[in-house]
Amino acid sequence: MMKNASVEPNIVSFSGLIRAQTAAREWKSVETTLNDMTALNMTLPSKIYSSVLAACARGGVADLAVVLLKAKIEAKSQKLSHTDFLYASTAASRHGDVSLSIILLEQMEKMIGKSLDWKSYSVILAGCRKAQDHEQALHFYKKMKTSLASLPPFAVSDTISACAQAGALDDALVVLEDAYSQKVIPTTQTYRDLLHACTKSRNSLQALHIFNDMQEQKIEIDKNTLEHAILACARLGQKQTAETILEHFYSHDRQPKSWKIYSSMISLYYSKGGDSDIYTMVSVFEESIKENIWLPVSSYELIIQALGSRLLVQPCLKLFRALSNPSCQLPAKDMNSLAETAFHFFNETKVNVVVVKGTKGFVGSNGPDAKEAANMPEQKLSVIQASSEAEQKQILKSLSHLHNILSAQITGFSE
């Protein structure tokens with residue numbers, strides 16, 4: 001490259017070029033320049049090697065780090081250091097190649113007689129976490145325990161996370177107990193990895209234990225953590241615990257609301273099955289609508305089943321009206337599925353629905369709507385009031401999903 005530019009190459013010019021290429025993260029160009037230097041029997045100064053290796057470590061550029069380390073090994077005039085191997089191993093670890101990371105540190109032990117220290121273990125275990133290689137993580141964790149006087153917190157956290165992410169929850173919990181016994185507190189992300197593993201394995205009781213640990217250790221509780229905790233409560237049927245958690249965290253508006261939390265609470269109240277639970281479940285649904293948060297169709301099915309089992313027509317129709325909101329965008333197949341669920345419960349009632357515009361008229365009032373409605377059996381009458389013609393049309397549109405399926409006679413009135 002330099003020859004093409006009529007520049008006489010030397011160590012200084014090559015060093016400057018590599019510095020510029022490294023700063024621009026042009027890794028292929030760095031490798032090309034190194035090959036040019038090799039062809040000219042030139043060797044970079046030790047400081048340049050180290051600075052480029054450090055950049056590779058930061059960027060996880062494993063291939064170039066190995067090339068640099070190999071070049072330094074082959075350059076007899078260069079003295080290898082513990083830091084050189086550590087940089088190369090870190091690059092491999094961050095690249096996700098934990099096997100290469102381990103090989104490089106083993107070479108360090110052989111070539112310069114440097115045993116693995118806490119930095120080395122931290123590099124390896126960080127790579128294990130990224131690769132979700134819990135077997136290697138446990139192997140080096142046990143080796144670290146026997147060779148170091150104290151456990152590095154980040155290395156412990158990475159071991160737990162590697163196990164949790166790989167689904168080895170029991171192993172992760174053993175290491176967690178080790179950490180607690182040595183007064184080592186895992187990182188926030190490690191606690192979140194544990195919670196996710198508990199949820200995935202449906203170990204809800206352990207999930208709540210982890211959540212309580214996080215609170216005791218004053219670990220930040222984010223929206224995702226709350227979702228795991230409330231889901232665990234729902235699976236365990238722990239209504240009071242869930243309500244206490246939500247009251248504590250939502251009373252100060254510390255967390256945004258989440259469809260997952262609404263969905264879990266609906267599932268929880270449905271499973272409890274009491275009359276008060278069902279009405280609270282409807283309140284949760286109404287709150288989600290008010291917040292413009294839409295739930296999975298499975299949550300709406302639970303609501304319809306609960307209302308249908310009690311023949312509560314009005315709240316059920318209110319749900320369909322809400323779901324007709326354009327912002328909901330519930331697919332037609334899901335809406336039909338919900339209507340079929342409603343049909344299962346309401347088919348025998350032959351519900352008649354009257355949409356009333358601009359009046360408070362019920363059966364017994366003097367309004368023209370009431371005269372029409374008076375011909376219907378009172379126990380089969382459900383009245384929805386509309387304040388305007390536009391709202392009346394919107395109601396009729398939403399109720400049209402039940403028109404045939406519920407055998408509902410839907411009639412619009414005007415004054």
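Let's start with two helices: the axes of α1 (residues 11-23) and α3 (residues 46-59) come within 11 Å and cross at roughly 10°. Axes here are lines fitted to C-alpha atoms, for helices over the stretch in contact, with angles running from 0 to 180 degrees between N-to-C directions. That crossing makes α1 roughly parallel to α3, a label for angles under 35 degrees. On the α1 side the contact (heavy atoms within 4.5 Å) is made by Ser-15, Ile-18, Arg-19 and Thr-22, and on the α3 side by Ile-48, Val-52 and Ala-55. These residues divide into four nonpolar, two polar and one charged.

A word on the model: it is predicted, so local features need pLDDT of at least 70 and side-chain atom pairs count only at pLDDT 80 or more, while totals for chains, interfaces and linings use all residues. Residues are numbered from 1 along each chain as its sequence is written, and side-chain values use heavy atoms, with hydrogens and water left out.

Stepping back, the chain has 21 helices and three strands; these are DSSP runs, H or I of at least four residues for helices and E of at least two for strands, numbered from the N terminus. Of the 415 residues, 47% are buried, meaning under 20% relative accessible area, with exposed over 50% and partly exposed in between (1.4 Å probe, protein chains only). Among contacts between residues at least 6 apart in sequence, 64% join residues at least 24 apart.

Now for the charged pairs. Side chains of opposite charge can pair when their charged atoms come close. Counting a side-chain nitrogen of Lys or Arg within 4 Å of a carboxyl oxygen of Asp or Glu, the chain has eight salt bridges.

One of them joins Arg-192 and Asp-222, with the closest N and O atoms 3.4 Å apart. Arg-192 lies in helix α11 (residues 188-200) and Asp-222 in the loop between α12 (204-216) and α13 (223-236), so the pair ties together parts 30 residues apart in sequence. Both residues are buried.

Lys-260 counts as partly exposed at 38% relative accessibility, whereas Glu-227, at 10%, counts as buried.

Finally, Arg-310 and Asp-275 meet in a salt bridge at 3.0 Å, N to O. This pair links distant parts of the chain, 35 residues apart: Arg-310 sits in the loop between α17 (297-309) and α18 (313-323), and Asp-275 in helix α16 (residues 275-290). Arg-310 is partly exposed, at 29% relative accessibility.

Note on methods
Angles under 35 degrees count as roughly parallel, over 145 as roughly antiparallel, 65 to 115 as roughly perpendicular and the rest as oblique. Ala, Val, Leu, Ile, Met, Phe, Trp, Tyr, Cys and Pro count as nonpolar, Asp, Glu, Lys and Arg as charged, and the others, Gly among them, as polar.
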